[in-house]
Amino acid sequence: MENALSGRRLWQVAGAIRDRLHAVRLSRFHQAQGQIQGLASDLAELESVRRRLSLCVARGWIAAAGSLMDEATRLFRSLNYTSKDAELALNKPEVQIPNVRDVLEELLQAEEEFEGLRYYPEDQILAVKTDAIELEGTYLGDFEVQLHIAALGDPNFRSLYRVVALDPHPSSRNDAVTHPHVSEERLCAGDAGAAIDTALAGGRICDFFILVRSVLTNYNRDSAYVTLEDWDGAACHDCGSMMGEDDTYYCTSCDNDFCGECSSCCSRCDESTCLGCLEQCPVCEDSVCGGCMTRCPECGERLCRRCREEARCPCLEEEPKNEEVSDDNDSNSIEPACPSGRSAAEGGEADGAGSNRYPDEAAAPVAAQAAEEGAGEDRTSVHADGLGQTPLLP
Amino acid sequence: MRILFINNDGGGYADYVEVAAGTTVDKFVSQQIAGGKAEDYLIRVNRQPVPREYVLQEGDRVTVTPTKIEGAVAA
């Protein structure tokens, strides 16, 4: 339950903040203590190595001395890291912890700057409310900036402060984005990040709230979760309908956004493509993108890559037909020879199929094949003017 | 004379600085914020709004906070 801060409560909250900052400072000392302890342990171990090495040198124990040298090398490497960590921990800038009165004055100032300060005791949340925010004509409503006092200085706490929309006007593209720089109630502070951290570390609570407000009342179009231009949704490049984030498809061919009705995907590469950029392969009739269309190397017609790779262009299927027809016209009286020696007609009759087993179109290649397979010395050479007069096979 | 200056522009440091006697807050801010305009900042002296021509006193606490700061998308 929220409470407007009364005098007594104000003192209690100020005391809680001060205690929390004091605990944070103590934890930093504890961390530095740990770093120094690590360094001291390495030094103690190094001293042990030194004593044993002296003994080995004095007694001529070469092998043992060699092992100790390896151990010393490892220790020096470790010392390098631990000393740097200890130095970093010790050199962290010391922030002066304010006393309770200073924190109380911060809270009083925040109360004046924001026309009221709220406290949620069960969650230890201190909050202020901003005025209604409107950026470049887009109304976003008012926000509450909530500071988790218990999380001050805790790096493991997921969110030290939240920005809650009290009158949400989220973007159509993503309803978790209630402000161009707020997503899921988390503010991306951008240029204010360092100043916010320093203000909180020093207990300057009012400065923290003012800094957050300065980010909320400004618009950085170059780095927004959703730009104000797209706040009410982006329009489909084709039909112009407004699209939510889940119904927006990007065409990799023309680099525009389309709705689900105006887009599909390439049947070859599965890339999202608008209907305008998809082409139908005339061979397989699949819809493919421009990147997956190519040309037949023989006739130059457009077809998809798969049809080209599989040589499925119609021009390639028609070529054998043309050759067979022209040869057949020149050899009307020649019976095409079957590999078994029988003519095609005889073969067809023997089968009793009632159909010509070797249609005329196949006669020429069969005859040629039979000529090649015929006996060598008894072969009679065939000349064009001798066709029809000399049997092909003995 | 010495005053406490809290600059919430950039890193947000707080430090004591020496200023000449008779320095107004407007002049002080112009000196501290290079290229900045006073109207782009929320200026408080001892946590209170003061007029531009207010003359700084020994031990004053001056806070300067930008009113427009660019946010960003988390990386």
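**Close-up views of a predicted model**

**Figure 1. Helix H4 meets helix H5 in chain A.** In this predicted model, four residues of H4(A) take part: Ala195(A), Ile196(A), Ala199(A) and Leu200(A). They meet Asp207(A), Phe208(A), Leu211(A) and Val212(A) of H5(A). Sorted by class, this contact has 7 nonpolar residues and 1 charged residue, with no polar ones. An α-helix has 3.6 residues a turn, so residues three or four places apart point the same way.

**Figure 2. The axes of H4(A) and H5(A).** H4 covers residues 193-201 of chain A, and H5 covers residues 205-216 of chain A. Their axes lie 8 Å apart. The packing angle is about 160 degrees. Angles over 145 degrees count as roughly antiparallel, so that is how H4(A) and H5(A) are described. The crossing of H4(A) past H5(A) is left-handed.

**Figure 3. Helix H5 of chain A, end to end.** H5(A) is built from 12 residues. From first C-alpha to last, H5(A) reaches 17 Å. That is close to the 16 Å expected at 1.5 Å a residue. Is H5(A) mostly covered or mostly uncovered? H5(A) is mostly covered, with 12 of its 12 residues buried. Among the buried residues are Ile205(A), Cys206(A), Phe209(A) and Ile210(A). Asp207(A) and Arg213(A) are buried too.

**Figure 4. Chain B touches chain A.** How many residues does each chain bring to the contact? Chain B brings 20 residues, and chain A brings 25 residues. On the chain B side, two elements give two or more residues: strand S2 (13-18) and strand S4 (61-66). Which of these elements gives the most? S4(B) does, with 3 residues. By class, the chain B side divides into 9 nonpolar, 8 polar and 3 charged residues.

**Figure 5. His237(A) in its loop.** His237(A) sits in the loop between strand S11 (234-235) and strand S12 (242-243) of chain A. Why does His237(A) count as partly exposed? His237(A) has 18 C-beta neighbours inside 10 Å. A residue is buried at 20 or more and exposed at 12 or fewer, so a count in between means partly exposed.

**Figure 6. Contacts of His237(A) along the chain.** Leave aside the neighbours within four places in sequence. His237(A) is then in contact with Asn256(A), Asp257(A) and Phe258(A). Cys259(A) is 22 residues from His237(A) in sequence. In space, C-alpha to C-alpha, His237(A) and Cys259(A) are 8.1 Å apart.

Technical notes:
Residues numbered from 1 in each chain as written. Chains lettered and ligands numbered in written order. Predicted model: local features only at pLDDT ≥ 70, side-chain atom pairs only at ≥ 80, totals over all residues. Axes fitted to C-alpha atoms, helices over the stretch in contact; angles between N-to-C directions. Parallel < 35°, antiparallel > 145°, perpendicular 65-115°, else oblique. Left-handed = near helix turned anticlockwise from the far one by under 90°. Contact = placed C-beta atoms within 7 Å. Nonpolar A, V, L, I, M, F, W, Y, C, P; charged D, E, K, R; others polar. Expected span 1.5 Å × (residues − 1).
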